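Q: Can you walk me through this one? I'd like the overall layout, then some details.

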Amino acid sequence: MSWQFKEFCTRVTEINSTINEIKIKAARKMGLKGSHVMLLHELDKHSEGMTGADIAAILCLDKAAVSRSIAGLEEKHLVSIDDSQSGKRYRAVIKLTPEGRKAAKMLENKSDSAVGAGAVAEFSDEQRQKFYYVLSQISQNLKAYSESL
């Protein structure tokens, strides 16, 4: 294993683990699970609603895991599920309820604080823009490489 691969994977894994810890801690304070955080975030971006399959594809998650998370959010009255048009639950449109929007905004504020105050606080706006550009390019390059295999 080359040092580049090992270093890259180690740092990405560390960052991912820490992000998951932050999500779990923030969600727990609201009576939610860490798995709910990104679903709420994604649904908040799509006020028209989304299907579970759409959410799974965007977040690169297993459909069954998304379905379990959505069921948990529905129990807490944070999402509504409209299967009237499709007649099938897996094709149903999922939307945030007003309570869900509040929860999503609270989690977004906590997440922004974690990133802004912790991860990138010491960088200038220009450095942050470059960093996010490079991060995006790395993601795209790895996806393209993966698809070529």
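This is a predicted model: local features need pLDDT of at least 70, side-chain atom pairs count only at pLDDT 80 or more; totals for chains, interfaces and linings use all residues.

Q: What does the side chain of D44 meet in a salt bridge?

A: The side chain of K105, with an N to O distance of 2.9 Å. This pair links distant parts of the chain, with K105 in helix α5 and D44 in helix α2, 61 residues apart.

Q: And K105, how accessible is that?

A: K105 counts as partly exposed, because its relative accessibility is 43%.

Q: How many salt bridges are there by this rule?

A: The count comes to seven. Another one joins the side chains of K45 and E42, at 3.4 Å from N to O.

Q: Where do K45 and E42 sit relative to each other?

A: Both are in helix α2, which covers residues 34–45. They are three residues apart there, so about one helical turn separates them.

Q: Is E42 buried or exposed?

A: E42 is buried, since its relative accessible area is 4%. K45 is exposed, with a relative accessible area of 52%.

Q: Which residues are linked in a network of salt bridges?

A: E7, R11 and E14 are linked in that way.

Q: Let's step back. How many helices and strands are in the protein?

A: There are six helices and two strands. From the N terminus on, the order is α-α-α-α-β-β-α-α.

Q: What does the C-alpha trace span?

A: Along its principal axes, about 50 × 40 × 25 Å.

Q: How much of the protein is buried?

A: Buried residues make up 24% of the 149 residues. The accessible surface comes to about 10,600 Å², and 56% of that belongs to carbon and sulfur atoms.

Q: And the contacts, how many join residues at least 24 apart?

A: If you take contacts between residues at least 6 apart in sequence, 49% of them join residues at least 24 apart.

Q: Where are the charges, on average?

A: The protein has 22 positive and 19 negative charges, and their mean positions are 4 Å apart.

Q: New topic. Which residues form the nonpolar patch on the surface?

A: V115, F131, Y132 and L135. Together they have about 350 Å² of accessible area.

Q: Which helix gives the largest share of the patch?

A: Helix α6, residues 125–148, with three residues. Y132 is found in that helix, and Y132 counts as partly exposed because its relative accessibility is 39%.

Q: So where is V115 found?

A: V115 is in helix α5. At 37% relative accessibility, V115 counts as partly exposed.

Q: What is V115 in contact with?

A: Leaving aside neighbours within four places in sequence, V115 is in contact with V120, A121 and Y132. As for distances, V115 and K25 are 90 residues apart in sequence, and their C-alpha atoms are 14 Å apart in space.

Q: You mentioned A121. Where does A121 lie?

A: A121 lies in the loop between α5 and α6. Its relative accessibility is 43%, so A121 counts as partly exposed.

Q: What does A121 touch?

A: V115, G116 and R128, not counting residues up to four places away in sequence. A121 and V66, by contrast, are 32 Å apart in space, C-alpha to C-alpha, and 55 residues apart in sequence.

Q: Is T97 buried or exposed?

A: T97 is buried, because its relative accessible area is 14%. Not counting residues up to four places away in sequence, T97 touches H77, L78, V79 and S80.

Notes:
Residues are numbered from 1 along each chain as its sequence is written. Side-chain values use heavy atoms; hydrogens and water are left out. Patches are made of residues with over 30% relative accessible area and no salt bridge: like charges are joined within 9 Å, nonpolar side chains (Val, Leu, Ile, Met, Phe, Trp, Tyr) within 5 Å. Accessible areas come from the Shrake-Rupley method with a 1.4 Å probe; for residues, only the protein chains shown count as cover. A salt bridge is a side-chain nitrogen of Lys or Arg within 4 Å of a carboxyl oxygen of Asp or Glu. Helices (H or I, at least four residues) and strands (E, at least two) are DSSP runs, numbered from the N terminus. Buried means under 20% relative accessible area, exposed over 50%, partly exposed in between (1.4 Å probe, protein chains only). Contact means heavy atoms within 4.5 Å. Lys and Arg count as positive and Asp and Glu as negative; His and the chain ends are not counted. The place of a charge is taken as NZ of Lys, CZ of Arg, CG of Asp or CD of Glu.
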